[in-house]
Amino acid sequence: MLQGQTIKSIQLRPLAQNNSSNILPLDSAFELSFDDLEADQKDYYYKIEHMTYDWAPSTIFPNEYIEGFQENAITKLENSFNTLQNYTNYRVQFPNNNTRITKSGNYLLSVLNDVGKVVFSRRFTLYQNKTTVGARVVRSRNTLTRNQKQTVNFTINYNENSIQNPTQEVRVVVLQNNNWTTAISNLKPQFFKRNQLVYTYVGKPDFWSGNEYLNFDNKQIRNSTVHIAKVEQKEIFHSYLYTQSKRNRAPYTYFPDINGQFIIRTIEATDTYTEADYARVHFSLKSDNRLEKEVHVYGAFNNFKMTPETRMTYNNSNQNYEVSLVLKQGFYNYTFATKEEHAQANLHELNGSFFETENEYNVLVYQKAFGQNYYQAIGLGTAVANPQDN
């Protein structure tokens, strides 16, 4: 395994809810958990930094948004038990005795090693309900893309005593499926009503609808399933998924997904933190020819990033794109993405894009009031695409 690929199963999740969202009310309890496959109980530290609405470093000092310490050791660590793949699980909950976040806004949570180098980072947002946000997803009004894109319309209701100059003070970000890599920001209201901002542009914000995510579940790691063709036990378990076909020319077919997320679980033990095992999962995609661009396996398991680890290679003998990833037992959503140089992920080239796809959208509202030196998150609106509404 290449250097830097030993950190696995990074999850930043609310404790009181059965969801994967990193957008939480201020004072919510949440947990960071991850595994190190080197299994040697290293010293890791966390660091929390306040950010602007567009993820630039904030200008306020740590003692203005944290009670306690901005940086502290991760002290809860346990070695795996009764697994073929040895690992050490690390986790920390917030708020804790050393760290309590006091202001709303965007935050970057980084994990550092014992020499202060960042090992990985995750974004999260803490918000307050100082505004009321109503959101609705509609079919794109652009005649060229109305079958492939979805548009989010929304209104923001606010107290005029709290927001005196909305044009200058308010910023809005729209997310599809909790994926910051495709977020749309810098939106201006189309209409101003009394204590209300209205965003109903044609084509703004417009998102590619994409397709439903594919999935597999290896909570029984020794068994094949409807999506796992065979399992072999070698140095660790190897799970071979059925080869997928391109869906860009196939009709839309609905099946439920969790919008690219993953859930660690096993029915063969009680403690998923330390008793869930790892498998090398083999992905394959049928393609009659090699594409003149990169092809990747894509999902929240890799923080919606395309890295050398997720890049697929073309096998001329069977005309498949192939890659294998070491993943912890559980239920996983994934899809295939293409990437050209210096471009973000393209999820619709191989999978198609259909206005019927059930995506979830979050509308985040930020305010930097006159005399204030940071952006606070003052509202959240959520909407799910429903073809019957279009």
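Start with the second largest cavity of this predicted model, a space of about 40 Å³.

Which residues line the largest cavity? Select Asp 27, Ser 28, Phe 30, Phe 94, Pro 95, Arg 100, Ile 101 and Leu 126. The space they line has a volume of about 70 Å³. Five of these lining residues are nonpolar, one is polar and two are charged. A search of the whole structure for cavities of 30 Å³ or more finds two.

Keep Phe 94 and Pro 95 selected and show the backbone: the peptide bond that joins them is cis, with omega about -5 degrees. Pro 95 sits in the loop between strand 8 (88-94) and strand 9 (99-101). Most peptide bonds are trans, and most residues other than glycine have a negative phi.

Go to Asn 82, in the loop between strand 7 and strand 8. Its phi is positive, about 60 degrees, although Asn 82 is not a glycine. Is Asn 82 buried or exposed? Asn 82 counts as exposed because its relative accessible area is 71%. Next select Asn 195, in the loop between strand 16 (191-193) and strand 17 (196-199). Asn 195 also has a positive phi of about 60 degrees and is not a glycine. With 22% relative accessibility, Asn 195 is classed as partly exposed.

Return to strand 7 (residues 76-79) and select Glu 78. Its relative accessibility is 28%, so Glu 78 counts as partly exposed. Which residues beyond four places in sequence are in contact with Glu 78? Show Tyr 87, Thr 88, Asn 89, Arg 91 and Thr 274. The side chain of Arg 91 makes a polar contact of 2.8 Å with that of Glu 78. For Thr 88, draw a distance between C-alpha atoms: Glu 78 and Thr 88 are 5.5 Å apart in space and 10 residues apart in sequence.

Now select Thr 357, in the loop between helix 4 (348-351) and strand 28 (360-367). Thr 357 counts as buried because its relative accessibility is 0%. A polar atom of its side chain lies 2.9 Å from the backbone oxygen of Phe 354. Beyond four places in sequence, Thr 357 is in contact with Gln 150, Ser 209, Gly 210, Asn 211, Glu 212, Tyr 252 and Ala 385.

The next stop is the largest nonpolar core, which has 30 residues. Select Phe 216, Phe 283, Val 297, Met 312 and Tyr 334, the members that touch the most other members. Strands that each supply at least two residues of this core include strand 19 (214-217), strand 23 (278-286) and strand 27 (330-339). Center on Phe 216 and show its contacts beyond four places in sequence, among them Leu 241, Val 281, Phe 283, Leu 327 and Tyr 334. For a second, separate core, of 26 residues, select Tyr 46, Val 92, Tyr 107 and Phe 124, which are among its members.

Turn to the open spaces. The largest pocket has a volume of about 1400 Å³. To find its centre, select Ile 10, Val 119, Phe 120, Arg 122 and Asn 302, the closest to that point of the 50 lining residues. Strand 1 (7-14), strand 11 (118-127), strand 15 (179-184) and strand 26 each give two or more residues to the lining. Strand 1 has the largest share, seven residues. The lining divides into 21 nonpolar, 18 polar and 11 charged residues.

End at the second largest pocket, with a volume of about 780 Å³. Of its 33 lining residues, Arg 13, Gln 17, Asn 18, Asn 19 and Ser 20 are the closest to the centre. Which strand gives the most to this lining? Strand 1 does, with four residues. The classes here are 12 nonpolar, 16 polar and five charged.

How values were computed: Residues numbered from 1 in each chain as written. Predicted model: local features only at pLDDT ≥ 70, side-chain atom pairs only at ≥ 80, totals over all residues. Heavy atoms only, no water. Core = buried A, V, L, I, M, F, W, Y, C linked by side-chain atoms within 4.5 Å. Buried < 20%, exposed > 50% of the residue type's maximum accessible area, 1.4 Å probe, protein only. Contact = heavy atoms within 4.5 Å. Polar contact = N/O pair within 3.5 Å; in protein donor to acceptor, adjacent residues only side chain to side chain. 1 Å grid on protein atoms, 1.4 Å probe; cavity = no way out; pocket = protein on both sides within 12 Å on 5 of 7 lines; lining within 4 Å. Points joined across faces, edges and corners; volume = space filled by probe spheres on them. Nonpolar A, V, L, I, M, F, W, Y, C, P; charged D, E, K, R; others polar.
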